[in-house]
Amino acid sequence: MPNLREVPSPPDGEAAEPSGSTEPDELRFPIVGLGASAGGLKALENFFSNMPAQSGLGFVVVTHQHATQRSLLAELLGRRTEMPVVEVSHATPVQPNHVYTVSPGHCLDILAGVLQPIPYDKNVALRMPIDYFFRSLAHDQAENAIGIVLSGTGSDGSLGLQEIKGGLGMVMVQDERSAQYAGMPHSAIATQLVDYILPASKMPDQLLSYVSSLLPHRGSGSMPHSAPPAEALRRIFLLIRNHTRHDFSHYKATTVRRRIERRMNIHQIKGVHNYVRYLQTHPAEIDALFKELLIGVTSFFRDPEAWQALSVPLGELLQQLPDGYTFRAWVPGCATGEEAYSLAILLREAMDDQGRSLSAQIFATDLNPAAIDMARSGMYSEGIANDLTPQRLARFFSHTDETYRVRKEIREMLVFARHNLIADPPFTKLDLLSCRNLLIYLDTPLQRKLLPVFHYSLRPAGLLFLGSSETIGNAGELFSVSNKKCRIFQRSEVEVAAYPTDFPTSAGRLPAHVQTSLGSPDARGGSLTRLVERMLLRELVPPTILTNESGAVVHIHGRTGLFLEPAQGPQTQTNVYSMVRDGLQFSLSSAIRRAARSDDEVVCDGVEVRTQGNRICVSIRVRKLSEPATLRGLFRISFENPVPVVVEADSAAHEPEGSPPERYRELERALQLTRESHQATIEELETANEELTSTNEELQSTNEELQSANEELETSKEEMQSLNEELQTVNAELQCKLELLSVANNDMKNLLDGTDIATVFLDNDLHVKRFTEQATKVIHLIPSDVGRPVGDLVSTLHYDDLVEDARSVLRTLVFKEAEIQGEGSARYLMRILPYRTTENCIDGLVLTFVDISKVRSVQLGHRHMMELLSNSPTSVFDSDTELRYTWASGLVFGRKPDELLGRTDAELFGAGAVELMRLKTDVLQADAARRQTLRVAADGTDRNYNLYVAPVKDRDGQTTGISGIVTCLA
C-alpha cells in the first residue's frame, strides 16, 4: 500500500477553500465512498437494494480483501442493483449511476474524478484502504465527497472521515445495533463528526434528501444557498458568542458561509433567516455549528518535508541552551493533538541526538473541549501507523488492541488546555511557536494583530512555524526568514510596543459599556440609531446632537444645518467643536464644561450665530445623560427657538456691514463670553485646587498606610519563603508517593496478569471501570468499552442473568458464585463480589472468571471410568503397607468398597484368605508385581479370581503400599 504521507492532502485545520476537482461544475456530481469489512456484505446489499438506479451519484466500494484471492464482490452487488458494477483494474473515470469496486491487492486513489488502482506497498504492515481512499476523495472532491462507514472490525475509515468532514463533505455511519461487527462504526462515531447514524437500509433515503439541494445548482456553479446577508451573519455570530463565549466574527466570510450552508443542507432548511430561527429554538444546533467551525483535519507529521526542515533550526537552537534549561513551546489550535505530539517527538529526537537532557514544556491549546480531551488521552486509531515511520511508532507508541497510545515520556512533555487565541492572554517566554494553518481562516486585520502577539510571546531568536499557505505578511520587521519554503521564521530583535489587546470591534469609538450593550440581546432597540430616535421622539426634542465629553459626535437628530457645517479637510473624525458655526464656539464649550460638572441642564439664551450671511439668535441646552444606561456619560446638545436678528432699515441703509459700531458690538459679545469663560475657568481652578489639597492629604495618609503595608508584605514574604520551602518538601514527598504508586500499580497489573484470572471491575451503575487482558477472552472488551454498561457488551457466556445477579449482589452485598458455560467446551467458575474501598465503602463490583475447563474434563473422565468399573467384573483397589484397604472401586472379592476400607483380607475372609495374604506379602517383600489365579472363600462361596498386584511408590522411590486389579472368573 502506498505511504499515506505521500498522498496530497489539505492542510491542518479545516479546508476552508478545498481545491477539489478541476472538472467544470456542470459535470460534477457527489461521489459516495463506502467502506466495509467483516459483516459488510450484508450491509452493502441492504444499501444498494434500497438505492434507486437513477440517483445521479457515483458509488465507490472499498473493502478489506485478501490480495491473492479472486473477489466476487462486484458479482454479488450486481444482483442487488440495476446500476452497472465495475471492478477497477485500470484508470477509470467515475460516472453517475455506477458502482465501482477495487480489485484485490490494490487500494484506490482518485484525482480529477478518475479512479486509479495502486498496488499495496509490501513494506507497510498495517493496511488501511478505507482511510486511504477517503483521504484522497476528500482532497479531490471537497464538498462533493460523501463517506459512509459500514460494518467491520478495527478502526479503518475514522481518520479518512475527519478529512471528508474538514473538506465540507458529509459523513454517514451504520448504526452499531444493526452492524454485525460494530468496531468500525463505533470508532467512526467516537470522532463526534458523524452527520447521520442509520441502519444501512435507511441510508439511501437520507442520502438522496441531502444531495437533492446540491444537484440543481451544479450547472450554475452556485452554492446550494445564497450567501447569508450581513445582518443574518451578525445574528448568528451573536448567538454563538452568547452560547459559547467565543466570537467568530473575525473568521473569513467564505469559511463561515460554507459551514453555515452545510448545516442548512443537513437539516434541509431553505433561507438563512429560517436557519437563524432554528438556532434560536435549538441550542444543540448552536453547539453543532460551533464544532463545525472548529473541525480540524490533522495528522502526525503532516507535510513531512516541513517537519524535516524544522529539525535543523531546532537542533541549532538546542545547542545554544544551557543544561537544566526548560524548553517552552506553544501549539495554538492543536485540535486532537497530533501536531503537538509530533513536535514533542521531534524535540525528543533532537535532544537524544545531541545527548542533551533538557526539560520540555509544550502548551497545546484549542477551543474545542472534546478535542482537548482526546488529545490529552493520547490514544489514536491504528490508521496512524501509515503516518509514522516504524521506528517512531515502536519507540514512542504502545499498541493495545485496536489503538495506539503515546508513551508516557512524550505525554508528560505536554500540557493541554482550552484557550482562545483571540481573547485570552498568550503564553510567553517561548522558544518555539507552531501555529500551522490557523491564520488562513482569520481575516486580514486579525492576522495583523496576532503576528505582534507571536513576536511578544517568543524569546529572542525563538522560532515561528507556520503552515504552507501562511506568511508573516507586513510583519517582516518582526521576524527573519529561516526557511521560506517551509514557512519557518525566527524572532528579530526589534523594539515594539507590548502586544496589542485592542482587537477589532464593530462598535467604533463608543464607550465600552455602550459597545457591550449594543452587541447584547438586551438592547431592545436593536441599534443605537433606533434607540436614540425613540428617546428623542418621546421627549419631542428640537434639532439635537449627542456627543461625548471630548466633543466626538455620536448621533445627529433633526436639521442642524443652521448651527453646524462640516470642517475642511479629510473627515477622519467628526467633532462638534470643528463643525459649529461662528458665534457658537465659546458658548457651546462653556456649556459642555458646566454640564460635565453638574447633573442639571445648562441653558445659554440669546446666543447669536452667523449662518449663510444672516444672523440668528438661538438658545442652547446641554445636559449630561444618566439614562438610559446604554447612553450614560454622553451629552445632549439642543438648539431651541432660533430667531432671525432684525436690523433696522435706517441702520441697514446708512451703515455698511462691518462698520465700526457693528464691529464694536461683536467684540463686546466676544469679550462678554470670554469673561464668562474666564470666570468659569477660575471657579474650576479654585475647585480643583481644593480637591488637590484634599487629595494631597489623602495621599499622605495613603503613603503611611502603604509603608505599613510594605512592612507587612516583607513579613509575608518571609512567611511565603518558609511556606515555599514546606511546599517543596511536600512536593518531594508527593513525588516519592507517586513513584511508589506507580510501582504498586505495576505490581498489581503483573499480579492480575499472573493469576490468569479474567477480572472485570464495575461501578455502582454496572458500567465497566477496568478489566484485565484475560477478560477479553470471556467478554469482547476493547479500551473504548470503559464506561459502557456491562449488559450492552457481547460475551461468549451462556448466562443471561449476569446483570440481574450483579444488581442482587449490589443490593444484598452477598457474593454470588456460579459455574457457567462458555464458548465451545469452555467452562468458568464465576464470582461476583462487592468492591470495597479501604474506607470499607462499596464502590461497585468485581467479576472474576476462573477457567475450570480442564478440571471439569478430568472429573468427567474419572466419573466415566468409575461407571465402567462398577458395571464390569473387574475391580481395582489400593492398600497400605499393612495390607489395609485404602481405596476400592467395584466389588472386590464380593465386598463393596465401604466394607473394605481400613480392613485386611484376614479380617474380612478369615482362613479363606491365606493365599491372598501370602501373595500380597510377597509383592511387598520382593518389591515386584505378581499375577496369579487363586481361589478365595468369600461369604461361604469359593470363587476363582485372576489377581494382578503391584507395589506403589512415592516420588522418592519408597514403597507406600500396593494396588491391584481383580477379575472374577467364576
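Predicted model: local features only at pLDDT ≥ 70, side-chain atom pairs only at ≥ 80, totals over all residues.
A residue is called buried when its relative accessible area is under 20%. By that criterion, helix H12 is mostly covered, with 14 of its 17 residues buried.

H12 comprises residues 338-354. From its first C-alpha to its last the helix reaches 24 Å, close to the 24 Å expected at 1.5 Å a residue. After H12 comes Gly355, a residue with a positive phi, near 70°.

Leu414 may be followed individually: once its neighbours within four places in sequence are left aside, Leu414 is in contact with Ala340, Tyr341, Ala344, Ile362 and Ala364.

The packing of helices comes next. Two packed helices are described by the angle between their axes and the distance between the axes. For helix H11 (residues 304-319) and H12, the angle is about 50° and the axes are 10 Å apart. H11 and H12 therefore count as oblique to each other, and H11 passes H12 in a right-handed crossing. On the H11 side, the residues that meet H12 are Trp307, Leu310, Ser311, Leu314, Gly315, Leu318 and Gln319. Their partners in H12 are Glu339, Ser342, Leu343, Leu346, Leu347, Ala350, Met351 and Gln354.

The crossing in which H8 passes H10 is right-handed. H8 makes the contact through Val256, Arg259, Ile260, Arg262 and Arg263, and H10 through Glu285, Ala288, Leu289, Glu292 and Leu293.

Attention now turns to the loops. Asp443 lies in the loop between strand S17 (430-435) and helix H16 (444-457). Although Asp443 and Lys252 are 191 residues apart in sequence, their C-alpha atoms are 5.1 Å apart in space. With neighbours within four places in sequence left aside, Asp443 is in contact with Ser249, His250, Tyr251 and Lys252.

Asn437 lies in the loop between S17 and H16. Its phi is positive, about 60°, although Asn437 is not a glycine. Asn437 counts as buried because its relative accessibility is 4%. Gln192, in the loop between helix H5 (183-189) and strand S10 (196-198), is a residue other than glycine with a positive phi, near 60°. Gln192 counts as partly exposed because its relative accessibility is 48%.

Finally, the chain may be considered as a whole. The chain has 26 helices and 35 strands, and buried residues make up 44% of its 970 residues. Of the contacts in the chain with a separation of 6 or more, 63% are between residues 24 or more positions apart.

Definitions and conventions. Residues numbered from 1 in each chain as written. Heavy atoms only, no water. Helix = DSSP H or I, 4+ residues; strand = E, 2+ residues; numbered from the N terminus. Expected span 1.5 Å × (residues − 1). Buried < 20%, exposed > 50% of the residue type's maximum accessible area, 1.4 Å probe, protein only. Contact = heavy atoms within 4.5 Å. Left-handed = near helix turned anticlockwise from the far one by under 90°. Axes fitted to C-alpha atoms, helices over the stretch in contact; angles between N-to-C directions. Parallel < 35°, antiparallel > 145°, perpendicular 65-115°, else oblique.
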